[in-house]
Structures are given as structure tokens and as C-alpha cells.
Amino acid sequence: MPVLSGSSGGGIAESLAPILGMEHIRLESRRFPDGEGYVRIPLDAIDALRSEVVILVSNTYPDTGIMQTILLLGAINDIRRGDVSNVKDNSERERNLEDVGPGIILAIPYFGYERQDKRFSMGEVISAELIGNMLANYCDGFVILDLHAPEVLQKIGTPVEFVSSMSEIAETLSNQVQPDFILSPDKGAISRASEVARIIGCEFSYLEKTRVDAHTIQHTPKDLDVSGKVVAIVDDMISTGGTICRASDALRNQGALEVYAACTHGLFTGGALSRLSRHVDGVYTTDSLPNPRANVSAALAISRGVSELIGLFDEKE
Ligand code: R5P
């Protein structure tokens with residue numbers, strides 16, 4: 001079984017393949033001068049793609065990632081269905097390929113648009129759901145890492161394995177920071193952050209957050225027993241860093257000795273890393289997105305989801 005990747009997800013695919021005992025095949029991808037994407041399955045990969053279940057690791061972020069994921073899935077589907085119609089190269093036209101049936105797993109380390117999971121006002125689209133439905137047309141199962149709100153994909157007619165890197169984040173924090181206290185910076189991160197606290201075996205609490213706009217957030221004041229303690233703030237993602245910086249201020253004001261930030265998805269938009277460096281003592285993220293603080297591998301969590309899905313396919317046979 002091959003683990004496939006285009007230009008995003010290559011690093012994770014490379015780590016994932018040996019965990020699953022599979023081979024990693026990098027598919028061709030490049031960009032035309034006008035910015036449009038191009039993908040191709042190398043000829044020497046065609047037999048492997050048609051052998052058994054295949055796993056494509058691809059991010060739907062930034063927007064070019066969505067397009068590339070669709071093009072890669074389209075190319076993989078054509079090859080698995082044996083559709084070589086209209087091939088210009090005469091030597092390839094003669095190949096008679098049978099349809100090998102379903103077996104495409106799409107593993108998405110970072111699902112772009114995941115925070116657009118509700119219709120916040122009339123006339124909006126639920127972007128995360130739309131993208132999920134679109135991708136579901138081209139694959140037979142998803143593995144998605146730390147999706148902000150899994151409920152958004154509950155109506156998707158394709159199996160989805162939601163996986164989390166919180167156990168690997170807990171292990172890294174435990175080895176490198178030894179926190180006394182884990183804080184969830186908002187209610188949405190409670191289940192993830194409390195899981196980290198449970199694994200480490202330390203205290204836990206959460207803050208209530210109000211987002212005023214994309215760059216401004218406020219926390220409801222709360223007494224936290226953090227005086228003299230090492231605290232790690234755990235969230236699903238860090239974008240502008242505003243949530244973490246405000247939570248860190250609250251912790252420092254209450255006497256926290258050291259404050260660390262940890263999350264699965266390090267987006268770090270618009271100078272977030274330098275902002276964070278003024279508020280926290282260290283930042284830990286997975287490599288779901290390439291970033292200079294990627295110090296936890298997302299491959300293990302994804303491998304757990306892939307194994308579950310492959311099990312589902314086996315049961316159906
Ligand atoms: C939102 O609820 C998420 O869980 C994160 O807390 C949020 O996206 C972080 O964004 P920022 O770093 O811009 O505050």
C-alpha cells in the first residue's frame with residue numbers, strides 16, 4: 001500500500017509510511033506560469049496506486065492546497081478506474097486498465113476553513129462543510145487531525161476518522177517542560193487541553209473568551225491557582241497568537257512562573273511568532289503545517305486513523 005503526497009504533506013507522508021509499513025510515493029506537482037496547478041502520477045507509480053488501499057496526505061490550506069488536493073484525488077481516481085481516455089501519448093493509449101474499485105483514503109493534517117463551521121449571519125456559507133462535501137466525492141474515507149469542530153462533517157456520507165495529537169503533545173510537554181498546570185484558553189479547547197492534563201497528571205482549568213474581531217480577544221477574569229507554577233496553554237491552533245498572548249497575560253498577572261503554548265496547528269499569521277516570543281517561554285506545535293516551531297510529529301496520530309479506516313474497509317470485504 002502506498003502513502004502518497006503532492007507538494008503539501010510530503011514530510012508527514014514520509015514519516016507516516018514507515019509507521020504503517022508502506023512505501024511513500026511523491027506525486028508530481030507544479031504550477032503553470034499563470035498560477036494554475038498541475039499534478040501527475042508518475043508512470044512507475046501506476047501499478048502501486050492500483051494495488052490496494054492508497055493513502056493521500058494533503059492539506060487543504062492555503063487555498064492552493066484545496067485545489068491541489070482535488071487535482072491529486074482526480075488523477076488517483078482516474079488511474080484506479082482505469083480511465084486513460086484522451087491520453088495524447090500513443091504508447092500509453094493502448095493500455096487496458098480495469099477498474100480496481102474503492103480504496104482511497106484522504107489524510108488531512110490541517111483542514112483549512114475548519115473554523116468556518118457555522119452560519120454566523122444570514123447569507124454565509126458553511127465553508128468547512130462545503131469543502132468536506134466536495135472532497136468526499138473523490139475519496140472513500142478521511143482521516144482528519146484535530147478538526148476544530150468535528151460536528152461540521154457529521155452529515156458527510158463518507159467515513160471520517162477524527163484523530164488527535166494531544167497524546168504526543170502531552171508527552172513532549174511532560175519531557176521538556178514538566179508543567180504543573182494546563183490551561184485551556186477558551187471553552188472550545190477544554191476537551192483537548194483537559195486530555196493533556198489527564199495524561200500528564202496535573203491540574204487543569206479554562207478561560208472564557210470573547211472574540212471582538214480577528215485580532216482582538218477578551219477573557220472573562222477568573223482566579224487561577226497558578227502562583228509559582230509552570231503552566232502550558234493548550235489549544236487546537238494558533239493563528240495571530242492573540243488568544244495565547246491574552247491568556248498568558250492573565251497567568252502572569254496571577255503569578256505563573258513560566259508559561260508555554262502548545263497546539264496542533266501552528267498557522268502563525270502576521271508576526272504571531274514574534275508576538276508570542278514576548279508573552280510565552282516556548283511554543284510547541286505539530287508539523288501538520290510546516291513552521292519553525294514544529295517539534296511534535298503528527299504522523300503517529302494520523303497512522304492511528306488510517307489503521308482504523310483500513311480495518312473498516314477489511315470488514316466490508
Ligand atoms: C478558536 O476558537 C481556536 O480554537 C483558536 O483559539 C483560535 O483560532 C486562535 O486564534 P488566534 O491565535 O488568532 O487567537
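Analyst: Buried means under 20% relative accessible area, exposed means over 50%, and partly exposed lies in between (1.4 Å probe, protein chains only). The model is a predicted one, in which local features need pLDDT of at least 70 and side-chain atom pairs count only at pLDDT 80 or more, while totals for chains, interfaces and linings use all residues. Residues are numbered from 1 along each chain as its sequence is written, and side-chain values use heavy atoms, with hydrogens and water left out.

User: Which residues of α6 are called buried?

Analyst: In α6, the buried residues are M166, E168, I169, A170, T172 and L173. Helices (H or I, at least four residues) and strands (E, at least two) are DSSP runs, numbered from the N terminus. Helix α6 covers residues 166–176, T172 among them. Just after α6, Q178 has a positive phi of about 45°.

User: Why is T172 counted as buried?

Analyst: T172 has 12% relative accessibility, so it counts as buried. Contact means heavy atoms within 4.5 Å. Beyond four places in sequence, T172 is in contact with V177, Y284 and V296.

User: What makes V296 buried?

Analyst: The relative accessible area of V296 is 5%, which means that V296 is buried. V296 belongs to strand β16, residues 294–296. Apart from residues up to four places away in sequence, V296 touches E168, I169, T172, T285, T286 and D287. V296 and E171 are 125 residues apart in sequence, and their C-alpha atoms are 9.4 Å apart in space.

User: Why is L300 called partly exposed?

Analyst: L300 has a relative accessible area of 41%, so it is partly exposed. L300 is in helix α10, residues 299–316. Setting aside neighbours within four places in sequence, L300 is in contact with I19 and E168. The C-alpha atoms of L300 and I12 are 9.4 Å apart, while the two residues are 288 apart in sequence.

User: Is N59 buried or exposed, and why?

Analyst: N59 is at 4% relative accessibility, so it counts as buried. N59 lies in the loop between β5 (54–57) and α3 (63–81). Not counting residues up to four places away, N59 touches S8, G65, I66, T69, I108, P109, Y110, S288 and L289.

User: What does the side chain of N59 reach, and at what distance?

Analyst: The N59 side chain reaches the backbone oxygen of S288 at 2.9 Å. A polar contact is a pair of N or O atoms within 3.5 Å; within protein, one must be able to donate a hydrogen and the other to accept it, and residues adjacent in sequence count only if both atoms are side-chain atoms. The N59–S288 pair is therefore a polar contact.

User: How do you know which residues surround the ligand?

Analyst: A residue is near a molecule or strand if one of its heavy atoms lies within 4 Å of it. The ligand is surrounded by 14 residues, and the closest are D235, D236, T240, G241 and T243. β11 (209–213), β13 (230–238) and α8 (242–253) each supply at least two residues of this shell; β13 gives the largest share, four residues.
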